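Consider the structure below, first by its contacts and then by a single residue.

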2 protein chains.
Amino acid sequence: MIIFKREGAPIFQSMKYEAAKLKDISKALGLSASTISRALNDSYEISEKTKILVREYASKINYRPNPVAVNLREKRSRSIGVIIAEIANSFFSQMINGVESVAKSKGYNVIITQSLESYNLELNNLNFLASSSVDGCLISVSTETENFDHIFQLHKKGLPFVCFDRIVEGLKTHKVSFDNYKGAYEATGELLNNGFKRIAMLGNAGHLSITQERLSGYKKALEDAGILFDKSLVRYCMHGGMIYDEVKQAIDQLLRQRKKPDAFFAASDKLTTNIIRYCNNRKIHIPDELGLIGFSNLDIADLLSPSLSVIRQPAFEMGKSAAELLIKLIESKRPPVDFENKVFPPELLIRKSSVK
Amino acid sequence: MIIFKREGAPIFQSMKYEAAKLKDISKALGLSASTISRALNDSYEISEKTKILVREYASKINYRPNPVAVNLREKRSRSIGVIIAEIANSFFSQMINGVESVAKSKGYNVIITQSLESYNLELNNLNFLASSSVDGCLISVSTETENFDHIFQLHKKGLPFVCFDRIVEGLKTHKVSFDNYKGAYEATGELLNNGFKRIAMLGNAGHLSITQERLSGYKKALEDAGILFDKSLVRYCMHGGMIYDEVKQAIDQLLRQRKKPDAFFAASDKLTTNIIRYCNNRKIHIPDELGLIGFSNLDIADLLSPSLSVIRQPAFEMGKSAAELLIKLIESKRPPVDFENKVFPPELLIRKSSVK
DNA sequence: ACTATTTACGCAAACGTTTTCGTATATTGT
DNA sequence: ACAATATACGAAAACGTTTGCGTAAATAGT
């Protein structure tokens, strides 16, 4: 099919969009490209008269510097990579929202990749991002990841990283984390205050920093209440609750014990909802038969019945903060003298699931 | 603080990551850069012997072509823009997941922007994407958008678009949509089958294509059941349910009528959950006092109580499909002879909220 | 054996910027 | 009036690729 050209219309619908270039302005005004560039960048070397002339013409033809060309010249890509577990997860999607908001305002693109809690996928993603020549990387390691060499190597080569939520031990860089200890402490305390005595904890993969911190908070709350810590009341889910069967198995084991727990503290979003799913299936009533409090960023937690008591993480703010730190790292000429570790406080939202 | 260089370690932590270049291989092997480039791109002009030599050395020093340079040379950015209402929304986050998956596999980056249902933000985002020189754009217009000139203009200039979910009338391009008519028909039918007689519809902004299609399906279902369509049972929410007060007001009006509705059909995700929120606040029991079925992609719809009957949209598949069509459009030399309109079928998940 | 063709490679331009350096003109100082 | 200094601009290189063109050597054709 041949489409004939009619006054000014592009021949093909799919014809490439040809944006205005420096040379166009240069030709039109009879000035060199260097002068145009300097005028638009407000260089002191250009007279006010010329600047005005150039600016006016540039805005008239709607000139925007080609970012690809600028990036090549500046030896950067103005994009940052993000590695998270999964996009379709309230915590991470809120976090991405925060990341996008600051990245956009500072002129950076965001490349999102998800590990789905798989070490191999994380490895692939990191290589992909490195070969996409991102200027820096925001990473929340997968639950499966126990070896951080892939991160250390790129970091040593000069790729800036910022750790997010799940911290990479030993990586000398900024970190954005959450007060997991306090969150767990308060959550467990809330259950204790309501008279629950045998509180089980369902945790993410045991080797994760966040899991250990949450375990510590849980233990301390029990200790402060004069309750002996019972190891048999703690179970870990390698996939952070993403796989229902894994959660089911863990709960089965907990409830099959001679001295059954009377409440659950769930240390991740998916664990929390999957506990509810389990209880629904087995017709176990919350909170009468089983108290529940858990980490969750769902904005309909209040609509579950019973309404869900949660530890909420300020995901949006955390994303913003992480992106800010990363961009600061990218744009700083000198290495920072010391690294920030921004710890965000938990927000405890007490509803019905934890109240006897 | 000065850090002294120790064997091979970078002087600064924030030192730029210097990747291997063509010239490095060129120098090492005593061949020209053109030969290296051609060898790596498997050109017929290069001997097999040389190709092997080059490939081996390239992989040894872990060479990857600098995407920014390639993009400049190829006059493209290998990135696509996405405009959606909001990231932290189950439907859109699942859709993005689909988009990212195909984009990544085809070597494209995805730049996500959200309109938050605001026309002005949509306009800003589109300009931002255009000046980021994206190769194409995936758009689901905001509820506020009634004038599509900003889209038409860029489209006319040659920027490829694919419409997603909310269709831009008159834009001659591929579209990925959902069978809204059928979804609404089946949803309404489900309520009718359960004996509900006065079914109200809560819709998104009235001028949206999706709203009108959903309205048609709703009407047809009533008609087929021999029930007269009553205009006073339909309310629209300009912000698609994002603002609770708007939804509240609409429901108030509906329930204040002399002949109150006995069931609601909610034509968007946020409308659905906000109806539940309203009923919770007013202690209106679902489904006894009010039947409910609505659009939703929440994966915990089954955990609400009563469990929520929903029309589910295959968001992930829709995102994949949209991205595929867009990339096809971008990479095709000639304009397509005709445009595809992929319509995805609804998935009706019947649970308790619609069953009397 | 001489021309015609193929093979395998190098040179240089191009993509659109920014920036270093050089310089003609205008301004200032004495 | 003459040197010194500002001022305002242009030429060209650079960023890392890809590719059109040119060409020497090798091969094939007669």
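Which residues around DNA strand D come nearest? Ser32(A), Thr35(A), Leu22(B), Ser34(B) and Ser37(B) do, out of the 25 residues around DNA strand D; a residue is near a molecule or strand if its C-beta atom, placed from the backbone, lies within 6 Å of it. The model is predicted: local features need pLDDT of at least 70, side-chain atom pairs count only at pLDDT 80 or more, and totals for chains, interfaces and linings use all residues. Residues are numbered from 1 along each chain as its sequence is written, while chains are lettered from A and ligands numbered from 1 in the order in which they are written.

At least two residues of the surface near DNA strand D come from each of helix 2 (33-40) and helix 4 of chain A, and helix 2 (33-40) and helix 4 (67-74) of chain B. Helices (H or I, at least four residues) and strands (E, at least two) are DSSP runs, numbered from the N terminus. This surface has ten nonpolar, nine polar and six charged residues, where Ala, Val, Leu, Ile, Met, Phe, Trp, Tyr, Cys and Pro count as nonpolar, Asp, Glu, Lys and Arg as charged, and the others, Gly among them, as polar.

Between the protein chains, 50 residues of chain A are in contact with 50 residues of chain B, contact being C-beta atoms, placed from the backbone, within 7 Å. On the chain A side, helix 4 (67-74), helix 5 (90-105), strand 2 (109-114) and helix 11 (269-282) give two or more residues. Helix 5 of chain A gives the most, with six residues. The residues of this side comprise 24 nonpolar, 19 polar and seven charged.

Definitions and conventions: Contact = placed C-beta atoms within 7 Å.
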